[in-house]
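Here is a quick walk through a single protein chain, from its overall layout down to a few residues. Have the sequence and the model open as you read.

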Amino acid sequence: MMTSVDTDLIRVLADPLRLRIVTLLARETLCTTHLVEETGAKQTNLSNHLKVLREAGVVETEPCGRFTYYRLKPDVITSLADQFADLAEAARATAEGNVKRSCP
């Protein structure tokens, strides 16, 4: 049973704009222009956030003419959700078993 969570991925998703981008991409594949319209962010700022998401393996790109489309990689989100589910299961088992370390 895994009881730790990918902290690097949490840091990536902790930024409100990046989380908004991920939420939008969960619903459809979008290009930068669409993401600028949806978020209201400046294109350069958005591109920087998309770079972080790409480098973290959260999104993948698809060139289409002069545009680049971004797609969420669901397996990454599933993996993170599974890690949190394992953590919740460990916490539930600890609570039910009244597991606590004695003080010295």
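The protein chain has 5 helices and 3 strands, where helices (H or I, at least four residues) and strands (E, at least two) are DSSP runs numbered from the N terminus. Along the sequence, they come in the order α-α-β-α-α-β-β-α. The radius of gyration is 18 Å, well over the 13 Å that the globule rule gives for 104 residues, so the chain is more spread out than a compact globule. That radius is taken over C-alpha atoms, and the rule is 2.2 Å times the number of residues to the power 0.38. The C-alpha atoms fill a box of roughly 65 × 25 × 20 Å along the principal axes.

A word on the source: this is a predicted model, in which local features need pLDDT of at least 70 and side-chain atom pairs count only at pLDDT 80 or more, while totals for chains, interfaces and linings use all residues. Residues are numbered from 1 along each chain as its sequence is written, and side-chain values use heavy atoms, with hydrogens and water left out.

Buried residues make up 27% of the 104 in the chain; buried means under 20% relative accessible area, exposed over 50%, and partly exposed in between (1.4 Å probe, protein chains only). With contact meaning heavy atoms within 4.5 Å, residues 24 or more positions apart account for 56% of the contacts with a separation of 6 or more.

Now for helix α5, residues 74-96. At 1.5 Å a residue, its 23 residues should span 33 Å, and its end C-alpha atoms are 32 Å apart, which agrees; the expected span is 1.5 Å times one less than the number of residues. The buried residues of α5 are V76, L80, Q83 and A90, and their cover includes α1 (7-14). Just after α5, N98 takes a positive phi of about 50°.

| Residue | Relative accessible area | Class |
|---|---|---|
| R27 | 63% | exposed |
| T32 | 14% | buried |

R27 sits in helix α2 (residues 16-27).

T32 belongs to helix α3 (residues 32-39). What does T32 touch, leaving aside its neighbours within four places in sequence? T32 is in contact with Q43, L46, S47, L50, T68 and Y70.
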